[in-house]
Each structure stands twice: as structure tokens, then as C-alpha cells.
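The following exercises are to be worked with the sequence and the coordinates at hand. Each task is followed by a solution in steps.

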Amino acid sequence: MDNCLAPTRGTAMAPIEGAPGSLKASNEYKDKLMTMDGAEVLAGTVTRDETAILDAWLAGLRAGASLQSGRIREAELQTQAKSVLAQFKDALAEGGPDADGEAYASLRETLAEISRSRAIQGFTPTDTANFVFALKEPIFEALRRAIGSDTPALAAGIVAAGKVLDQLGLHTTEVFLASREEVIGRQGQEIAELSTPVVRLWDGILALPLIGTLDSARTGVVMENLLQAIVDEEAEIAIIDITGVPTVDTLVAQHLLKTVAAARLMGADCIVSGIRPQIAQTMVHLGVELNVVSKATLADAFAVALKQTGRRVVRQQAVPAVERR
Amino acid sequence: MKVSKTETLPVRSGDDVVRVRQRVRTLAVEIGLGLVDQTKIVTAASELARNTLDYGGGGDVRAEIVQAGIRKGLRLTFEDRGPGIADIEQALTDRFTTGRGMGLGLGGAKRLSNEFHIESTPGTGTRVTIARWK
């Protein structure tokens, strides 16, 4: 064996000379592979066999579900595959099979970009990860072509390839989930902000329609919004509507009473509305007493509020005729 | 008495209390409880789940659909490994609380259920079982 040709462990792989067609060159290459560890075998094979791997990979992707769903065009898939494989080749040559390493930064970025765009296009995480995992088979095939029957070298190469591709596949899944979580987090914040509006019904009359679960955190937001609105609108009466609160237990009742007490301190009277029959029965059994004016519907509460502020709603005797042309 | 369905839910956080409520409501609908009875058992479950969390330091809820003859019912068992209750009589008294609540939860849950059973050993934990029959 020619020792000069065998690269030492850990050095960057130079492209291997000798066309695959030449038997002598091919044998020399195989000899050389015997002295390398899995990472070097892998880097060498990917560099040498890039075109064949790309073709096989694309064939695999074409057969897979991604293209057939029609969400992505073949040209786009080809471009992505080409740039990923090129970066993979460079990263392998530079940093070995450690996908968390510095050499893989640009490849990870590319994959993250692809993963994000897949998430938007409506692919499942499985589809996205399969994009990377589909690269395994072509690389294993290429390793087999390059190494032939040398089982230990082949196994080492396959282990290295499996490890690095698994890491990259998981990376796409992680990015996929992270982008989903971002959306969920944003929606959560939006719901928290949107779900506690204070509505001005009339001069000095506010309504606070509560929807959903009333926990301590939300009660804080609700109270803050209501008290500020009482100041801003110089409100005399605040109607708290609980039609949209599914369960009123002692904690919810306690939060309600605290809100009412705080509003009273600010000089506004409170009316609780939207108490449904089943809620009323349950509250009686619980033993909760709401020492506050309460009404079954928001309309009733509004009528009371108008009355208390010295207003009256009257229907005009003659309804004016609609003008006709 | 036959148990036709059993599931266990964890009570470890405030979100779990909400999940317990939702699950109990689904099961109550499943056995055909009316709207008032649904609301009662859901509210009782909410009280007991929060007790499990706040005073028992978290635990589990076992929900069972039970059948006795032609009657169907929903039975809920709340279990924790917390400090336990020394004086159950006192704990069931309205307005009594060791925390900052209204002191109505435990007694209220008893009034909202058809069956109520509580056993507690100080230092070992507490188990509360309630049932609502159709």
C-alpha cells in the first residue's frame, strides 16, 4: 500500500484522483479506504460520487409523498436537494460527521429555511424529516459501490452516515416544531389581550364581557382593564357579563367579588349579568353569595343601568315611514 | 356495581384543573346527565381538583363511569399525598379555610354530589370520592 496517498485521520479530504472507470485507480482507492475511519470514508464517497447520490436522492424524493401532494414543484425540490448536498459535502470534508459542529452552520441554516417553508406549505414534520432521511439510502448505496466487500469499512461508513443524517433530520423537526410553537405562543398572547375588552355601552356605562376560564392571571388583567376604563370613561356603572364563563366555582366567584369590590372603591357600581339557570343553581349549592346586583341577561342589566343613571328608553309612537323613491 | 370506563388524569398545575373540568364535562355528557347535573359535577370536580393542587401539593383524579342496575353514574376519586386533613369535620364547615379561598369548596362539593366520601390521614394524604347519578 502506498502510504503517501493515505490521508491521516482528521485532515481535510482532498478529492480523490483517478476515474472510477480505471480498474487500477479503483483498486488503489479501495486500498486507501481500508485505512480510513467511517467519517473519512463517508466524506470521500460523497465527494467522489456526488452526482450519482443526487440523482438517486431525487428519484427517492420523487417517489415519496412530498411531490405527489403537489405542494412543491419539482424544480424547487431539485434546487433544494442540490444545495443541501453540496453543503453537506463541504461540511463533511471540513468538520467530519459532527452535525452540531461549526462546519455545519450553513447547512443547518439551509435546512432550517427549508423546514420553515415546508411548515408554511402545510407539510407534516414527517414529510420534512423524510427529505433528509431519503438521502440515507443513496449514500449507503454509494458507500457500497465505493468500498465493495470490505465489511468493517462499509459498516463504519454507514454508521457515520447514519449518525450525521439522523442529527440533520432531527434538526429539521426541531426547527419545524419551534416555528409552530412560535405561532402558538403568539396566538396565546393575542387571545389574552383580545379576551378582556371593556366596552362602552353608553355615557358612564361600561360592559365587560368575560369569555373562558377566569384564573388568577386573567382576573388580574380583567381588573386592571376595568379599573382603568372606569377612570377613562368616568363610568358610574360597570356590567360584568359572565355568559361566556363555562364554570363558576368558588375561585371564579371570589375573583368576581374582588373585581366588584375594587370597582366600588373607584366609585362605580357593578352589575353581574349572564348568570345562566344551571350556574345559579350550582352557586346556591356551593353556598356562594354574590352580594351584588345581578341579572340574567346583559340586556336586563343595561336596562337597570339606564334606569339608575336616570335614563329611559321609549318607543316612538309613530314609526316614521321609510322614504321611497 | 359495574365500572365500564376508567381514566386517570394528573393534577399538577392550574392548566390541569381546566383539563379535568373539560374531561369531566365530556364524561357527564356521555352518560347523559342533564345540563344542571353536568354543571354541578363539573363545579364539584373543579373545587376538589383545586384542593388537590393547592392543599395536597398535586395528585391524580380517577374518573369512572359506573353502572348499578339501569342507573349510570360518574364517580370521581381525587387522591393526593399531601399533609392530610387533621379535622375533617372542621374542613367541611363552610367558611373554614387554611388558605386564602372562600372556604366553601369542600362543603360545596359535598352538596353538589349525590355521594361524597372523604378519608384522610395526616402526613399520608387525602382521598375524596364523589359520584353523581343520572
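**Exercise 1. Determine what share of the residues of chain B count as buried, and describe the fold of that chain in outline.**

Solution. The model is a predicted one, and its chain B holds 134 residues, of which 40% count as buried. The next step is to list the secondary structure: chain B contains four helices and five strands. Their order along the sequence is β-α-α-β-β-α-α-β-β. Finally, consider the contacts in chain B between residues at least 6 apart in sequence; 65% of these join residues at least 24 apart.

**Exercise 2. State in which sense, parallel or antiparallel, β2(B) pairs with β3(B), and over how many bridges.**

Solution. Begin with the other partner of the strand. β2(B), residues 59-68, pairs with β1(B), residues 2-11, in the antiparallel sense over nine bridges. Within this pairing, V11(B) stands opposite G59(B). Now turn to β3(B), residues 71-80: β2(B) and β3(B) run antiparallel and are joined by ten bridges. One of the residue pairs is A63(B) with its bridge partner L76(B) in β3(B). The hairpin formed by β2(B) and β3(B) has two residues between the strands, and G69(B) in this hairpin takes a positive phi near 65 degrees.

**Exercise 3. Classify the relative direction of helices α2(B) and α4(B) from the angle at which their axes cross.**

Solution. Helix α2(B) spans residues 35-54 and helix α4(B) spans residues 105-112; their axes come within 9 Å and cross at roughly 150 degrees. Angles over 145 degrees count as roughly antiparallel, so α2(B) is roughly antiparallel to α4(B). The crossing is left-handed. For the contact itself, α2(B) contributes K40(B), T43(B), A44(B), E47(B), L48(B), R50(B) and N51(B), which meet G105(B), L106(B), G108(B), A109(B) and L112(B) of α4(B). By class, the residues of this contact comprise five nonpolar, four polar and three charged.

**Exercise 4. Find how many residues each chain gives to the contact between chains A and B, and which element of chain A gives the most.**

Solution. Chain A provides 16 residues and chain B provides 21 residues. On the side of chain A, the elements that give two or more residues are α11(A), residues 250-265, and α12(A), residues 277-286. With six residues, α12(A) gives the most to that side. The side of chain A that touches chain B divides by class into five nonpolar, nine polar and two charged residues.

Technical notes:
Residues are numbered from 1 along each chain as its sequence is written. Chains are lettered from A and ligands numbered from 1 in the order in which they are written. This is a predicted model: local features need pLDDT of at least 70, side-chain atom pairs count only at pLDDT 80 or more; totals for chains, interfaces and linings use all residues. Axes are lines fitted to C-alpha atoms, for helices over the stretch in contact, and angles run from 0 to 180 degrees between N-to-C directions. Angles under 35 degrees count as roughly parallel, over 145 as roughly antiparallel, 65 to 115 as roughly perpendicular and the rest as oblique. A crossing is left-handed if the near helix is turned anticlockwise from the far one by less than a right angle, and right-handed if clockwise. Two residues are in contact if their C-beta atoms, placed from the backbone, lie within 7 Å. Ala, Val, Leu, Ile, Met, Phe, Trp, Tyr, Cys and Pro count as nonpolar, Asp, Glu, Lys and Arg as charged, and the others, Gly among them, as polar. A residue is buried if 20 or more other C-beta atoms lie within 10 Å of its own, exposed if 12 or fewer, and partly exposed in between; C-beta atoms are placed from the backbone. Two strands pair if DSSP finds at least two bridges between them.
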